[in-house]
Amino acid sequence: MSSFRKASKINQRTHRERHQPEKRAHLGLLEKKKDYKYRANDYHNKQNVLKKLKILAQNRNPDEFYFHMINSKIVDGRHKEKVKPVDEDTLEQKKLMEDRNLTYVAMKRTIEHKKVNRLQSSLHLTDFTKSVKSNHLHFDDEGNPAEASTSKDVQQLENIGDLNIPDIDKKTLRKMNKMKLNSYNNLAQRIERVKQLSVIQRKMEMQ
């Protein structure tokens, strides 16, 4: 039934709104219904906004304060920001600011240096232990110099293959190597940062 109703409207006449009569042509185009609806909705929206603003003005707090109230002014009905005067620093103020900057750089350099020492003490450089030669002189029971023997730590590293070490899976080993590599990268970055801060501190002291 609905399809028949739609088919019957195919040849139906299209009703169009009338145009502006010739006698009223000097008044412009005749306002159509869609134009009236757009104008009416716009008018009612503006009236609703005015009502809300009126209610807010009636219920406002008399002790309410914003810094923008004193930092702006009305010129020709529009709010404009006041131009604040630029305060010029005196020589004593500039010198004090430079001293504070120098103190800050020195403090940051000290903090980074302590972090570097803490990282170096936590990381075990076992890869280079065997390449370090011992300078200690050893003597026998009669007081004659004897051949220098390797240190206890180096001997333990050389005999590490004889120890009974539990098996570690490859995933855990890769994770440990990755953590170790990240720690060394962090150490290298902090050492470079300490060098840069030292250069900045020397330049500021020379000024």
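1. A word on terms to begin: helices (H or I, at least four residues) and strands (E, at least two) are DSSP runs, numbered from the N terminus. Read that way, the elements of the protein follow the order α-α-β-β-α-β-β-α-α, which gives five helices and four strands.

2. Before the details, please keep in mind that this is a predicted model, in which local features need pLDDT of at least 70 and side-chain atom pairs count only at pLDDT 80 or more, while totals for chains, interfaces and linings use all residues. Residues are numbered from 1 along each chain as its sequence is written, and side-chain values use heavy atoms, with hydrogens and water left out.

3. Now the overall picture. Of the 207 residues of the protein, 7% count as buried; here buried means under 20% relative accessible area, exposed means over 50%, and partly exposed is in between (1.4 Å probe, protein chains only). The protein exposes about 20600 Å², and carbon and sulfur atoms supply 54% of that area. These areas come from the Shrake-Rupley method with a 1.4 Å probe; for residues, only the protein chains shown count as cover. Taking contacts as heavy atoms within 4.5 Å, 54% of those between residues at least 6 apart in sequence join residues at least 24 apart.

4. On to the salt bridges, each defined as a side-chain nitrogen of Lys or Arg within 4 Å of a carboxyl oxygen of Asp or Glu. The count by this rule is four. Which residues are linked in a network of salt bridges? They are Glu 112, Arg 190 and Arg 193. Arg 190 meets Glu 112 at 3.0 Å, N to O. That pair links distant parts of the chain, with Arg 190 in helix H5 (residues 170-206) and Glu 112 in helix H3, 78 residues apart. Glu 112 also meets Arg 193, at 3.5 Å, N to O. Since Glu 112 lies in helix H3 and Arg 193 in helix H5, this pair ties together parts that are 81 residues apart in sequence.

5. Arg 193, at 35%, counts as partly exposed.

6. Lys 115 also belongs to helix H3. At 31% relative accessibility, Lys 115 counts as partly exposed.

7. Another salt bridge joins the side chains of Glu 31 and Arg 39 (2.9 Å, N to O). Both partners count as partly exposed: Glu 31 has 39% relative accessibility and Arg 39 has 48%.

8. The surface holds a nonpolar patch of about 570 Å², made by Phe 65, Tyr 66, Phe 67, Met 69 and Ile 70. Patches are made of residues with over 30% relative accessible area and no salt bridge; like charges are joined within 9 Å, and nonpolar side chains (Val, Leu, Ile, Met, Phe, Trp, Tyr) within 5 Å. Met 69 sits in the loop between helix H2 (33-58) and strand S1 (72-75).

9. One backbone detail is worth a look. Asp 76 has a phi near 55 degrees, a positive value in a residue other than glycine. Most residues other than glycine have a negative phi. Asp 76 is in the loop between S1 and S2, and at 79% relative accessibility it counts as exposed.
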